[in-house]
Amino acid sequence: MNAQSLWDHLGHLLRTARAYPQRAPLTLAYVCLLLVSHAWVSYGLSAERATTLLNRVSTNLDNLHDHPVDSLLGSVLFFDGTLTDVPSLEFVGTFITLGLGVCCFLAWVESRWSKPRAVAVFLGGHITATLLTAGVVTVALQHGWYPAAVRQASDYGVSYGAQTVMAVGTLALPRRARLPWAAFVLAWPLGGAEWPGPLPDFTTVGHLIAAVLGFVLVAVPAFRRPRGQAPGSPSTPRNIGQDPGHASKSNSARSGR
């Protein structure tokens, strides 16, 4: 990479950073909320109170039966991971779910399809994957594939919603990169999976279900249309982080203005 190419890339990153609050204000606000809640739980509460809170919002079978709304909505206010232990696998998971899933692909969905649809995709993926996983866990418990303690397991965070938007974000990539990315989205949860029986652990099941939900949405033609695009009109996807001003200048150059 020569010096000019490096400067071009840096310039593009700066334009992307400047455009981010305008293109994805809801995502930016959500990321800030997640960072504040993470700091509060990690440093503002005692270990006992933090554990009590996170157990309350965990989407396990007992909580879904006792207080489903609190657990389903409260779970997405926190992320399960680390921002400081960089060499750990836990940080890799945080980078994938919070960094790629929320910061990048949720922002792309918001800028391409509007705030309401971004919320619908993210929360829909989170809630649907959680409820379907609860069904799988119920069946697995009946067959003895999971230990009984799984009913009260700690299970909170943004990863199911992030997994759904990562699958949907396949559309944001060049065609040659879509198949490898789709394979990655399906494969990465299996990297640390545990197999207590014929099924992997329930969080791995949940991530796989969330990914499938995202790919199903991608297959719906009406969903693939950007906001404001009439049915039957050609689609021109924008890459993640494309600067609207840069796109306008490019379009003007092509039209001779």
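The structure is a predicted model, and its chain averages a pLDDT of 85. The largest pocket holds about 800 Å³ of space, while the largest cavity has a volume of about 100 Å³. Helices α2 and α6 pack with their axes 8 Å apart, and α6 also gives the most residues to the lining of the largest pocket.

**Confidence**

- A pLDDT of at least 70 is reached by 81% of the residues.
- Confidence in the chain is highest in helix α8, residues 159-168, at a mean of 97.
- The lowest confidence falls in helix α12, residues 244-255, where the mean is 36.
- Over residues 230-257 the pLDDT stays under 50. For this stretch the model has 34 contacts beyond four places in sequence.
- Where pLDDT is low, the predicted coordinates should not be read in detail.

**Largest pocket**

- The lining of the largest pocket consists of 31 residues. Those that lie nearest the pocket centre are D80, G93, W188, T203 and H207.
- Two or more lining residues come from each of α6 (89-113), α7 (115-142), α8 and α10 (202-218).
- Helix α6 contributes 7 residues to this lining, the most of any element.
- By residue class, the pocket lining divides into 16 polar, 10 nonpolar and 5 charged residues.

**Cavities**

- The structure holds 2 cavities of 30 Å³ or more.
- The largest cavity is lined by T59, N60, L61, T130, T133, A134, V137, V150, A153, D155, Y160 and F202.
- Helix α7 gives the most to the lining of the largest cavity, with 4 residues.
- The lining of the largest cavity divides into 7 nonpolar residues, 4 polar and 1 charged.

**Packing of α2 against α6**

- Helix α2 (residues 25-44) packs with α6 at an angle of about 155°. Because angles over 145 degrees count as roughly antiparallel, α2 is roughly antiparallel to α6.
- On the α2 side, the contact is made by P25, L26, T27, Y30, V31, L34 and L35.
- On the α6 side, L98, V102, C103, L106, A107 and E110 make the contact.
- The residues of this contact divide into 11 nonpolar, 1 polar and 1 charged.

Note on methods. Residues numbered from 1 in each chain as written. Predicted model: local features only at pLDDT ≥ 70, side-chain atom pairs only at ≥ 80, totals over all residues. Heavy atoms only, no water. pLDDT = per-residue confidence, 0-100. Contact = heavy atoms within 4.5 Å. 1 Å grid on protein atoms, 1.4 Å probe; cavity = no way out; pocket = protein on both sides within 12 Å on 5 of 7 lines; lining within 4 Å. Points joined across faces, edges and corners; volume = space filled by probe spheres on them. Nonpolar A, V, L, I, M, F, W, Y, C, P; charged D, E, K, R; others polar. Axes fitted to C-alpha atoms, helices over the stretch in contact; angles between N-to-C directions. Parallel < 35°, antiparallel > 145°, perpendicular 65-115°, else oblique.
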